[in-house]
Amino acid sequence: MNKSGADDTDVLVIGAGPGGAGVTLELVQAGYKVICLEQGPWVSSTEHPHYHREWEIEKQRGWAYDPNVRGLPEDYPVTGFTTPYLMNNVGGSTMHYAGHWPRYKPVDFRKGTEHGLEGTIDWPISYEELAPYYDKNDAIYGISGTVGDPSYPDRSGVDRDPPVLPGKLGRNFANALGGLGWHWWPSDNAIITRPRENRDADVAAGNELSGSPTGSLSTPAHTHWPFAIALGADLRTFARVEQIHAKNGKATGATYIDTRTGDRHEITAKIVVVAASGIGTPRLLLMSAQKGHPDGLANSNGLVGKYLMHHIFAFCDAWFDKPMEGYKGAFGAPLYSHEFYHTDTDRGFVNGFGMQVARSFGAAFSAMGSHTGYVAPWGADHRNFFNDHFGNHLMVFMFGEDLPVETNCVTLDTDAKDSSGLPAAHVNWEPHANDIALANFGIDRIFDAARALGAVETNDTGVLNPPPGWHLMGTCRMGNNPQDSVTNKWNQTWDIPNLFVVDGSSLTTGGAVNPTSTIGALAVRAGEYISRRFADIVDQKTTPSNADAPAI
C-alpha cells in the first residue's frame, strides 16, 4: 500500500461530478492542496455515440444510463428497484445529460412548513441564501436562457447566453400554453450559444443526451477540471474508494483501489468531501463502518441512505398532422411551464409538477417507439407509420416532486459485488399515493395542452412504466438538527466535523425541477465555507451547527 508523502493532502474529494468539481475548484483557487478520486475515466468527445454509425443503438449499450446494463469495470451494480442514472467518469452523469438548468424556487426550501407530510422537513437555508451561489455557479458553467421569468425572484443583471432556438415544436407548444392562459418560459440550459474558453458555441446538432461532440454542453470536464488541474488539483481516475477512515471523531483519509491494476493506495487528508451521487455516497459511508462507527460513517442517527427521491415522472408523446421538427436543434429543453408548480390542496395532493418540452431523438428511435413504446409495425405499414410520426412528434416530460419517505432508501447488498469485490448498492423505492395522484393529474394537463394544439394521437408511459425519474436525491440530506438529517446547512456531517457530503444526496427536498444547478450552487457554497473555516474545521474548534459562520 502506497503511503508516500505525495498522498497527504489538505482536502480529499471523492467524485468528479458537479459536486466534487465545484468544491475542488473553489478550494484550489484559494490555494489549498486537493486530491480528487474518480472511479471512472476521462471521456473524450470522439468517444460519444454521435461518432458511431448506429448511435441511437450504441447509446443504449455502452452509453446506457444504467450501470447494470453497461457493466463496465468502473461501475458498481445496483440491485432492487433500479432507476440509476449513474455515470462513473470525470463529470459524472453530466456526461450525457440534457443540460436543462432550472433553479429551485423559494417555496422548495420550506416544504416542511408548507405541508409537513411524511418525512418532509424545511431546508436549513433559504433560496435567498443560495441565490448568490446559483449566480456564481451559472457563470462557471455558462448558461443560455432568458432572464425575467415571473415565476422566479428577480434576476435582472444576471448574464446569460442567448437561449437555444425554440424550433417549430417550441413555438407551437408555447402558443398552445398561451392560448390556455398557462405560464411558460424559455428554458435555461447548460449549453453555450456563444464561444467561450476554447469551446464552440452550440450549432443545433441535437441530442446532447448522447454527449456533446462539440463541447457546447457544459459539464465539469469542460468548465471545472482543466482550470482546477492547472491550479494544482490532483485528479486521479480509475480510483475506486474502498473505505473512508476515521479516528478520534475525525476523518483521516481513505483507501482506494486502482481498478486497472487492483493495487490499493492510502491517502491521508485533513478534510474529506464525499460527492459520489445519491446512491454512491450512502453506499460508501455504509461501507466505511469501523471501530467507533459500527453502522457506517455519519450514521449515528441511522439516516444515511434514507429518504431517497427520484422525481415522479412520465413521458408524454403527442403526434400531429403537421410538422413539429422535434429532431432539429439542441436537445436542451426549449421551454417549460410551471403553471401547476405550487401546491393546491383542492387537487387532492400536495406539491406540484412542471411540463418540460424536449426534442425528439432520431429516425431509429422514432421507429422503435419514441419515449412511450409506440413501435412502428413491421411490413407494408411501416413506411406510412413512420411518415406520420417521425417529423410530427412532440414530447413533454411530466416532472413532479415526490415526497421524501424514510423507507425509500439505499442499503448494501453483500450478495452482489463490483469488480473489486465491494458490495453493491440496494435500492428500495415505492411511490407514495400523493406522488401517483400528482403524476396522473400532470399527464392529463399535458395532454390538455397537446390537444389544444391539435394532437391527433397521444401516448404516455404512466407513472411506473418506465419507473420514476433518474435523479438521485436526499439520501444524506441537510437539515436543522442531528435528529432529522445527516449534514448541517454547510454540507458538514453532524457526526464528523471534517467530513462533508456535497452531491444530490444532500438535497432536502426534490422540487419539480432538475437538480444539477442546485447541486452545483451548494458545491460552490460548501467550498467557500471550507476555505473560510479551514483551520477551525481541522482543529475542531467548533462543532457542526447551523449558526452563520463569519469569515475568518
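## Notebook: strands, sheets and a buried serine

I started with β12: H393, M395, F397 and F399 point one way from this strand, L394, V396, M398 and G400 point the other way, and all are buried. Buried here means under 20% relative accessible area, with exposed over 50% and partly exposed in between (1.4 Å probe, protein chains only). In a regular strand the side chains alternate between the two faces of the sheet.

Ground rules before going on. I am looking at a predicted model, where local features need pLDDT of at least 70, side-chain atom pairs count only at pLDDT 80 or more, and totals for chains, interfaces and linings use all residues. Residues are numbered from 1 along each chain as its sequence is written, and side-chain values use heavy atoms, with hydrogens and water left out. Helices (H or I, at least four residues) and strands (E, at least two) are DSSP runs, numbered from the N terminus.

**Entry 1: the sheet around β12**

β12 covers residues 393–400, and I counted 8 of its 8 residues as buried. I then looked up its partners; two strands pair if DSSP finds at least two bridges between them. Strand β9 (residues 312–319) runs antiparallel to β12, joined by 8 bridges. One pair I checked there is I312, whose bridge partner in β12 is G400. Strand β11 (residues 353–358) is also antiparallel to β12, with 6 bridges. On that side, G354 has F399 of β12 as its bridge partner.

Zooming out, I find 6 strands in an open sheet with antiparallel pairing, in the order β4-β10-β11-β12-β9-β15.

**Entry 2: the three-strand sheet**

Next I went to an open sheet of 3 strands, ordered β3-β14-β13, with mixed pairing. Its edge strands are β3 (78–80) and β13 (409–417), each pairing on one side only. The twist averages 40° from one strand to the next. For such angles, axes are lines fitted to C-alpha atoms, for helices over the stretch in contact, and the angles run from 0 to 180 degrees between N-to-C directions.

Helix α9 (residues 277–287) packs on this sheet and touches β3, β13 and β14, its direction making about 70° with that of β13. Contact means heavy atoms within 4.5 Å. Within the sheet, β3 and strand β14 (residues 423–428) run parallel and are joined by 3 bridges. V78 has A425 as its bridge partner in β14.

**Entry 3: β1 and its neighbours**

Strand β1 (residues 8–14) is mostly covered, with 6 of its 7 residues buried. I see β1 pairing in the parallel sense with strand β8 (residues 264–274) over 6 bridges, and with strand β2 (residues 34–37), also in the parallel sense, over 4 bridges. From β1 the chain crosses through helix α1 (residues 18–29) to β2, a right-handed β-α-β crossover. Right-handed means that, with the strands pointing away from the viewer, the path from the first strand over the helix to the second runs clockwise.

**Entry 4: S505**

Is S505 buried or exposed? S505 is buried, with a relative accessible area of 0%. I found S505 in the loop between β16 (499–501) and α13 (516–532). Leaving aside neighbours within four places in sequence, S505 is in contact with S277, G278, T281, L472, M473, G474, T475, C476 and R477. The side chains of S505 and D503 make a polar contact of 2.3 Å. A polar contact is a pair of N or O atoms within 3.5 Å; within protein, one must be able to donate a hydrogen and the other to accept it, and residues adjacent in sequence count only if both atoms are side-chain atoms.

Most residues other than glycine have a negative phi, and most peptide bonds are trans. I noted E118, not a glycine, with a positive phi of about 50°, in the loop between α4 (111–114) and α5 (127–141). F238, not a glycine either, has a positive phi of about 55°.
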